[in-house]
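Please open the model in your viewer and follow the stops below in order.

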Amino acid sequence: MKHVQRFFPISEDGVVSNPPRPAAALSPSRPFSSSSIFSRQIMQIADQLTQLNALSPLDGRYASRGDALRGLLSEAGFMAHRVEVEVAWLVALSDAGLPELKPFTQEARQRLAALVRNFSEADARRIKEIERTTNHDVKAVEYWLKEQVADHAELAAAAEFIHFACTSEDINNTSHALMLGRARTDVVVPRLRQLAAKLTEMAAVQADQPMLSRTHGQPASPTTLGKEFANVAARLLRAIEAIEKVEPLAKLNGATGNYNAHLSAYPEIEWPEFSRNVLAGLGLTQNRHTIQIEPHDWMAALFDAISRANVIILDLDRDIWGYVSLGYFKQRLKEGEVGSSTMPHKVNPIDFENSEGNLGLANAVLRHLSEKLPVSRWQRDLTDSTVLRNLGVGLGYCLVAWDACLRGLEKLEVNTAAIDADIDACWEVLAEPVQTVMRRYGLPQPYEQLKALTRGKGITEEALREFITGLALPAHAKQRLLDMTPRSYLGLAANLARQV
């Protein structure tokens, strides 16, 4: 889907600006009123949303992290996309050969295109003003469009073909498909690929660094640090592919999906094909079989795919947190940063903790969306409408989490001394190759012998070498085991780390 620059309702100084709320919303008689002087003061200034009085951290503490999504998934972004869809439908109608609607002139088309291209915060405010009267958001967009063309004779004459035969959901579902498709292409996938690229880079740089593995928290067959980063990178790249494969669907087929109104006015037009062409012009695929809403199954698939990517990143966050605790990583210090209000020595893995917490919030929203949106009572209910206004919330928390994880990875410094000391002290991991070679040459009860030698008590280098020396093995096989160390028992880990 081609990139389209969208409207961003945020000022240069980072303060999100919303239309002033009606005076009634600030009245002390409202349920939110409080005897607290501070609460009353906050209520008096709350007509201007700032990072300090926002209820959600996405518009407060983390406002800058979600800026890339504001023009796509905010209320104003939603309005801008609705205008785009309405204009695309109107222009297509003018080209349909209707006796009552001649094809628009080039000048008229340019005027309509400018409404889409130049949609501004002032336009969004005006639509909101109209909505206060209509109490219907899509109708407000229709009336705003009619206002905008009222001084243009050609377009004013065609005004009643704005929103012609459409139900509100025709405009909304198509707008949502555009919004999410563009958010995926312009924001979600590039951010995830940035994280995957960092992991791939770390996999290559640390491909040869031996590291003691831990399964069930206990020492296990060694790996390399790079191979562990490669594991996550490979998982994340597959998850990104799954996100990219989800096909956005949309419908422009009327109140219950049957083109009833369309056929009542122009029975001679092949409306499903007409609708398909309009959607294709917007870069979308038609869903031919719907009720009043597009069933949102494709959205559920997209949110599930993003949630799976989030689980992979959360798994990484927790592992890195643990390795920082073990001393495998140090964290680059930031001038002036404090790790504890009372313990000056602390350098906490706060970025990974921040990422983990916000991934939980993101997936809570995304999974609710994927479970709720495909469910509608009969041909339509409005439960999806209010839920869909949280698209930016789910993806916003994703951006906060991904940014925190990437920031944490950038701070990491490998503590090779700690990693090497850990693996050098764990000769019991060589019990696995020793018993495996014993199996090859038919020695009796190899697993049981090594179990008795090592399980639950560790083993020294000298004790293991003494055990190997006493085995009835061919000389070359025995020497290979004697030459082996925990650091050299790495299998193909280094090669695999470089293959991501």
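This is a predicted model: local features need pLDDT of at least 70, side-chain atom pairs count only at pLDDT 80 or more; totals for chains, interfaces and linings use all residues.

Residues are numbered from 1 along each chain as its sequence is written, and side-chain values use heavy atoms, with hydrogens and water left out.

Colour the chain by accessibility. Of its 500 residues, 49% are buried (under 20% relative accessible area, 1.4 Å probe, protein chains only).

Next, select Leu395, Trp402 and Leu409. In the largest nonpolar core, which has 141 residues, these three touch the most other members. Such a core is a set of buried Ala, Val, Leu, Ile, Met, Phe, Trp, Tyr and Cys residues joined through side-chain atoms within 4.5 Å. Helix H8 (residues 168-205) supplies the largest share of this core, 15 residues.

Which residues are in contact with tryptophan 402, leaving aside its neighbours within four places in sequence? They are Val188, Arg191, Leu192, Ile306, Asn310, Ile313 and Leu359, where contact means heavy atoms within 4.5 Å.

Finally, select helix H12 (residues 297-326) and helix H13 (residues 350-372). Their axes, lines fitted to C-alpha atoms over the stretch in contact, are 9 Å apart at an angle of about 160 degrees. H12 and H13 are therefore roughly antiparallel, the term for angles over 145 degrees between N-to-C directions, on a scale from 0 to 180 degrees.

Technical notes
Buried means under 20% relative accessible area, exposed over 50%, partly exposed in between (1.4 Å probe, protein chains only). Helices (H or I, at least four residues) and strands (E, at least two) are DSSP runs, numbered from the N terminus. Angles under 35 degrees count as roughly parallel, over 145 as roughly antiparallel, 65 to 115 as roughly perpendicular and the rest as oblique.
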